[in-house]
Amino acid sequence: MEGQASGPDDKILPLPDEFIEFLNENGLDPSIYVANDSTPRYIRLKPGFEAHIEEFESEINCKLEGLSWLPNFYCLPPDIRIASSKAYQEGKIYGIDAASGAAVSALDITSGDHVLDLCAAPGAKLCMILDLLGGSGSVTGVDIAQHRLAACRTMLQKYALGDRCRLFVADGTTFSLLPLRVRLNSKSFEPTESMLEGKSEIYKEWTSRRPWKERRKASKARENGAYKLFSQTQDPELIYYGRDSGVVGLSKNKVYEHLNDCKVSKYGYDKVLVDAECTHDGSIRHIQKFEQWGWETLQRRVLDAERTDELTALQLQLLSNGFRLLKVGGSLVYSTCSLTVSQNEGVVENFLSQNKSAGLLEIDSARTWPCKSGQIPKTLRFDPNTSCTSGLFVAKFTKWEI
Ligand SMILES: C[S@@+](CC[C@H](N)C(=O)[O-])C[C@H]1O[C@@H](n2cnc3c(N)ncnc32)[C@H](O)[C@@H]1O
């Protein structure tokens, strides 16, 4: 059965009745799904490449409109393709929605920060974080899906942004490794005797050509299905580390060292992004894909109540673990590209009731952003109609000493 959502310009989009019901139950306006043709695309220009804008404009035959509220972001008509342009192929620009850019910008990243991105793949936000970080500090990207994180590694290499980054395939609900602060703060580093005594090897500079022994181990693990269901007890798998990520020269024991929770308040991450897995209903382009995938798959992937319950539990666990790894005084941004209350304000409310040291923060720069307040004060909602961006919920927290 199909219903119809009509928009201001009278375009009609056929949507299954179940989806319209889902939107109504969640207080969402079905008309946003007709905005598909008019929501612009956005790109971020890597800092330092401003001089190439005109060349890019003539290549795509279109004048770019800079966003006044988000530095280095430009808006493009939705039908313009950038993939064949030189600027894209040479890694000077990348596609990232402006609302996603706002979520990263809410972290207020400054040089020297140690940042954790707990759901990092495929990596547009991770690239922006690394762009903002500059020449000191570190970024740790985590994702449970090996193939998605491998795509993220390719992206870092394409954009030459990986020097200060390490990537772990791991379950973000249990990930426990802290930034390598001590290592990164010491100017010259020599492995200590105790490290050299240990059986584990010292990390050399990362290379994509892994030794035969390691490749065999990984292929065995794949055969045994280890990557399909990453177990919570499995060690995180380090699939990339840049030369200034702090890893080179350390032993495996040191990189995998677990610190107790008391140390986290001092040595934890300065900034954490939890861009959680969700039903993606805020992304019109994602929902549109069900026209090709078949609307019946929407039932399983988006509308199934059991799946939504599992998702909200996962989101709360990811947020709670991200917060556990945050140092006192640091900040954490929680975002989802769902517009439902249960995956956003619902999770925030549950989290705050369980974490007395957590407080919601006002996002100062948001005063100029084209978004609305969420149902909880200080939280934000972007949506295609009012923001001309993809849908996104954003909340920012800090950790207080208690
Ligand atoms: C919304 S996407 C993240 C998008 C990403 N931040 C970006 O900007 O490209 C959510 C990601 O969470 C990952 N994920 C799902 N469950 C996870 C878990 N338990 N731990 C870590 N990552 C998880 C998914 O594999 C997916 O890549």
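Let's start with a pairing: strand 15 (residues 380-382) and strand 16 run antiparallel and are joined by 3 bridges. Helices (H or I, at least four residues) and strands (E, at least two) are DSSP runs, numbered from the N terminus, and two strands pair if DSSP finds at least two bridges between them. Keep in mind that this is a predicted model: local features need pLDDT of at least 70, side-chain atom pairs count only at pLDDT 80 or more, and totals for chains, interfaces and linings use all residues. Numbering runs from 1 along each chain as its sequence is written.

Back to strand 16. Phe382 has Leu392 of strand 16 as its bridge partner. Strand 13 (residues 358-360) is also antiparallel to strand 16, with 3 bridges between them, and here Gly359 sits opposite Thr398. Strand 12 (residues 326-336) pairs with strand 16 as well, antiparallel over 6 bridges; look for Leu332 facing Phe397. Strand 16 itself, residues 392-399, is mostly covered, with 7 of its 8 residues buried. Buried here means 20 or more other C-beta atoms within 10 Å of the residue's own, exposed means 12 or fewer, and partly exposed is in between, with C-beta atoms placed from the backbone.

Now for the other sheet. As a reminder, strands of a sheet pair through backbone hydrogen bonds, either parallel or antiparallel.

On to the domains. The protein splits into domain 1 (40-95) and domain 2 (120-171 + 179-258), with bounds that come from an automatic or database domain assignment. Where they meet, 5 residues of domain 1 are in contact with 7 residues of domain 2. The domain 1 side of that meeting has 2 nonpolar, 1 polar and 2 charged residues. Contact means C-beta atoms, placed from the backbone, within 7 Å. As for the classes, Ala, Val, Leu, Ile, Met, Phe, Trp, Tyr, Cys and Pro count as nonpolar, Asp, Glu, Lys and Arg as charged, and the others, Gly among them, as polar.

Next, the annotated site. The unreviewed UniProt entry marks Asp143, Asp171 and Asp275 as "binding site". They span 133 residues in sequence, yet no two of their C-alpha atoms are more than 13.8 Å apart, so they gather at one spot. UniProt positions follow the numbering used here, feature names are shortened, and annotations may be inferred rather than shown by experiment.

Asp143 lies in strand 8 (residues 138-143) and is buried, with 28 other C-beta atoms within 10 Å. Beyond its neighbours within four places in sequence, Asp143 has contacts that include Cys119, Arg148 and Val169. Asp275 belongs to strand 11 (residues 269-275) and is buried too, with 24 other C-beta atoms within 10 Å. With neighbours within four places in sequence left aside, Asp275 is in contact with Ala103, Cys119, Lys125 and Ser335.

Finally, the ligand. It is surrounded by 18 residues, the closest being Cys119, Lys125, Ala145, Gly172 and Asp275; near means a C-beta atom, placed from the backbone, within 6 Å. Helix 5 (124-133) and strand 8 are the elements that give two or more residues to this shell. By class, the shell has 8 nonpolar, 4 polar and 6 charged residues.

Conventions:
Two residues are in contact if their C-beta atoms, placed from the backbone, lie within 7 Å.
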